[in-house]
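I set down each term with its cut-offs where I first use it.

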Amino acid sequence: MTATDLPRNAGLPFDPAVVEAVRVNTPATLRRAASLSARRSLKKDYQAAWLARAVSMIDLTTLSGDDTPGRVRRLCAKALQPVRPDLLDAIGLPDLTTGAVCVYHEMVPTAVDAVQGRIPVAAVSTGFPAGLSPFHLRIREIEESVAAGATEIDIVISRRHVLTGNWQALYDETRQMREACGDAHMKAILATGELGPLKNVMKASMVTMMAGSDFIKTSTGKEAVNATLPVSLTMMRAIRTYEGMSGFKVGYKPAGGVSKAKDAITYLALLKEELGNRWLRPDLFRFGASSLLGDIERQLEHHVTGRYSAGYRHPLG
């Protein structure tokens, strides 16, 4: 995991009263989210600084059936040098990297060898993306990814427990997954596009944090609807509520649907306003959006040179 001065989320005993107390004002949430994109955008050096910060919090990801060791090594090289060296020198950040690389279990050893400990390697696990494989195999998959060198594990919850209101089962499964992770930090993927109303998103967020998740994450990136601002606002407020209950800071990761530099700045502005400056670091925030990097690099090139380049000049791997 990215270096941090924070204690890990130890979790809390399951308390059904906490879940039942959840309330979400959906119309107000939608209005608040809609107001963000209407604000004046950042310009010049301020924009470049925020975009560089966004780069440092990207989980650069490849999760395709045709992944090869060569593709993963190229992805890792991009993660270690995410923006052209001349552009980084011009903005005074020559050592900028992404927050992590994220791959399937099979590619963990390749990624670990490629990054040489400079950034974390995350593995998607527990029958990603559906999370419907036998539970003992999901636990074993976590253990094997950790043994292979992954320092972050992105697990997927059982959506049926949310949809049927079986919060105890969701807590118990997530807690066992957290224990299987050992020293590796765990990001719990809620697949919010499949959970129904925002109240379910808030409840699932609270339960998985009580079970010890180090991060809560919106999506696998494979759902029809992935990260959105209303969902992000709901999950950030769950994080704030949980910190008040437990004293632990939990990270947040929007995944899927964030592909433009201006969208990244909007998410970071929301993060700053809802959770504060401490979350603007890779140990508490990640973007699960590899295509975002290409657009940010184009914007940084425009900042330095005054010209936009074609997207193909900034390949991800």
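I took a cavity to be a set of points, on a 1 Å grid over the protein atoms alone, where a 1.4 Å probe fits but cannot get out. A pocket is an open set with protein on both sides within 12 Å along at least five of seven lines, and lining residues have an atom within 4 Å of a point. Grid points are joined across faces, edges and corners, and a volume is the space filled by probe spheres set on the points.

I recorded that this is a predicted model, in which local features need pLDDT of at least 70 and side-chain atom pairs count only at pLDDT 80 or more, while totals for chains, interfaces and linings use all residues. Residues are numbered from 1 along each chain as its sequence is written, and side-chain values use heavy atoms, with hydrogens and water left out.

Entry: cavity. I found one cavity of 30 Å³ or more in the structure. The largest cavity holds about 100 Å³ of space. Twelve residues line the largest cavity, and Pro-7, His-185, Lys-249, Asp-283 and Leu-284 lie nearest its centre. I classed residues as nonpolar (Ala, Val, Leu, Ile, Met, Phe, Trp, Tyr, Cys and Pro), charged (Asp, Glu, Lys and Arg) or polar (the others, Gly among them). On that basis the lining of the largest cavity has four nonpolar, four polar and four charged residues.

Entry: I looked up the second largest pocket, which holds about 230 Å³ of space. It is lined by 14 residues, with Thr-61, Leu-63, Thr-220, Gly-221 and Gly-288 closest to its centre. Its lining divides into four nonpolar, seven polar and three charged residues.

Entry: helix 2 and helix 11. Helices (H or I, at least four residues) and strands (E, at least two) are DSSP runs numbered from the N terminus. Axes are lines fitted to C-alpha atoms, for helices over the stretch in contact, and angles run from 0 to 180 degrees between N-to-C directions. I noted that the axes of helix 2 (residues 26-36) and helix 11 (residues 229-246) come within 8 Å and cross at roughly 115°. The two are therefore roughly perpendicular to each other (the class covers 65 to 115 degrees; under 35 is roughly parallel, over 145 roughly antiparallel, and the rest oblique). Contact (heavy atoms within 4.5 Å) is made by Thr-29, Leu-30, Arg-32, Ala-33 and Leu-36 of helix 2 and by Leu-229, Pro-230, Leu-233, Thr-234 and Arg-237 of helix 11. I counted this contact as six nonpolar, two polar and two charged residues.

Entry: helix 11 and helix 12. Helix 12 (residues 261-275) packs on helix 11 at an angle of about 30°, with the axes 10 Å apart. These two helices are therefore roughly parallel.

Entry: loop. I located Thr-126 in the loop between strand 3 and helix 7; this residue has a positive phi of about 60° although it is not a glycine. Pro-129 lies in the loop between strand 3 (121-124) and helix 7 (135-147), and a cis peptide bond with omega of about 5° joins Phe-128 to Pro-129.
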